[in-house]
Amino acid sequence: MGKKIIFNNLEINNIIHQHLDNKINCKKIGKIYGVSEWTILRTLKKHQISINSQRFVKKYSVDEKFLNKINSINSYFIGLMASDGNIKKNLNSFSLSQSGDNGLNLIEEIYKWLKYTGKIYHRKTTHKIAHSIDITSKELVQNLIKHNITPNKSFTYYYNGKALLKEFLQGYIDGDGCVGIYNSNTTKYYYISFFGNQFFKDSIINLLPIKPTCHEVNSGYFELKFFGKKGIEFSDWLWEKPIYNNSLKYNKYLLFKNSKYMNTKYYYYGKLNLKINEMINNGFSTNEITKKLNIKKRTIYNLKYNQKNGRNTY
């Protein structure tokens, strides 16, 4: 911890005189006394002196009420902040950074949602340019904390159910998820996954309509993965109503969904089984299902047999 600076009464009076009468800003006064501008700022505030320096005046506006009432758009933003955002330790500001052209498009969309008028910062990294916003707003930060988004969230974050689940996950996966395609000798296989600590995994897994495969990639850090038919069904559910249409991951899903590989038996029967299950749960008889879906009774019997014996029907 740095040594605490204590000014005597003569120095304090002189600092106040220089700031109020001579219009010298905190940074220049700090250089005179060999201290930081923040030390001068604290001294002036302690003696109830208003600060003239434009450095300490907020130069931009932002919608402070953006998170007050939960909706689909701010649920997406909460998910994105949960995976990729950063709350500063002073609990007064937060930042969000994305890389590449797609990242810039997303930052610009968030910029509009927040009605933010400040700067977008651009920084060159090893492979891509990183684009970020850095916003001071105690009210927004306090609302983010209500969703468990804190300075050390990587180790402590869990989903508390306050944000809308689908929209939250869309934002979370755009921040810390993966959508890809595996190649095999005869076809291509789709997968979607996202990552989080054990608290997050435990808080979300039982809320999902399809159970993922969980893999511990680092100590206490997990990948939740949906592969093949499960991946398509999960993505159908997730992006039933996309919030951000320019999402790179959403568009990868659409690309595969509209490809010739979706016509293979592997994907067709996975979707058919889900439809049969839905009709059974809604009280349709075997005869009604066979007529409505134009399938053989044997298909339904096989499905029921596999489920009874604990076999994967996806």
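**Overview of the chain**

The chain contains 14 helices and 8 strands as its secondary structure. The model is a predicted one. Of its 314 residues, 44% count as buried. Among contacts with a separation of 6 or more, 60% are accounted for by residues 24 or more positions apart.

**Packing of two helices**

- Two packed helices are described by the angle between their axes and the distance between the axes.
- Helix α10 covers residues 229-238 and helix α11 covers residues 248-257; they pack at an angle of about 125°, and their axes are 11 Å apart.
- Angles over 145 degrees count as roughly antiparallel and those from 65 to 115 as roughly perpendicular, so α10 and α11 are oblique to each other.
- The crossing that α10 makes with α11 is left-handed.
- On the α10 side, the contact is made by Ile 232, Ser 235 and Asp 236, while α11 contributes Tyr 253, Phe 256 and Lys 257.
- Sorted by class, this contact of α10 with α11 has 3 nonpolar residues, 1 polar residue and 2 charged residues.

**Cysteines**

- A search of the whole structure for disulfides finds 0.
- Cys 26 has a relative accessible area of 1% and is therefore buried, since the cut-off for that class is under 20%.
- Cys 214 has a relative accessibility of 33%, which means that this residue counts as partly exposed.

**Residues with positive phi**

- Lys 115 is a residue other than glycine, yet its phi has a positive value near 55°.
- Lys 115 is placed in the loop between α5 (100-113) and β3 (121-124).
- The relative accessible area of Lys 115 is 57%, and the residue is therefore exposed, the cut-off being over 50%.
- Asn 148 is not a glycine either, and its phi is positive at about 70°.
- The loop that holds Asn 148 lies between α6 (138-146) and α7 (153-156).
- With a relative accessible area of 16%, Asn 148 is buried.

**Points to review**

- Is Asn 148 buried or exposed? Asn 148 is buried, whereas Lys 115 is exposed.

Note on methods:
Residues are numbered from 1 along each chain as its sequence is written. This is a predicted model: local features need pLDDT of at least 70, side-chain atom pairs count only at pLDDT 80 or more; totals for chains, interfaces and linings use all residues. Side-chain values use heavy atoms; hydrogens and water are left out. Axes are lines fitted to C-alpha atoms, for helices over the stretch in contact, and angles run from 0 to 180 degrees between N-to-C directions. Helices (H or I, at least four residues) and strands (E, at least two) are DSSP runs, numbered from the N terminus. Angles under 35 degrees count as roughly parallel, over 145 as roughly antiparallel, 65 to 115 as roughly perpendicular and the rest as oblique. A crossing is left-handed if the near helix is turned anticlockwise from the far one by less than a right angle, and right-handed if clockwise. Contact means heavy atoms within 4.5 Å. Ala, Val, Leu, Ile, Met, Phe, Trp, Tyr, Cys and Pro count as nonpolar, Asp, Glu, Lys and Arg as charged, and the others, Gly among them, as polar. A disulfide is a pair of cysteine sulfur atoms within 2.5 Å. Buried means under 20% relative accessible area, exposed over 50%, partly exposed in between (1.4 Å probe, protein chains only).
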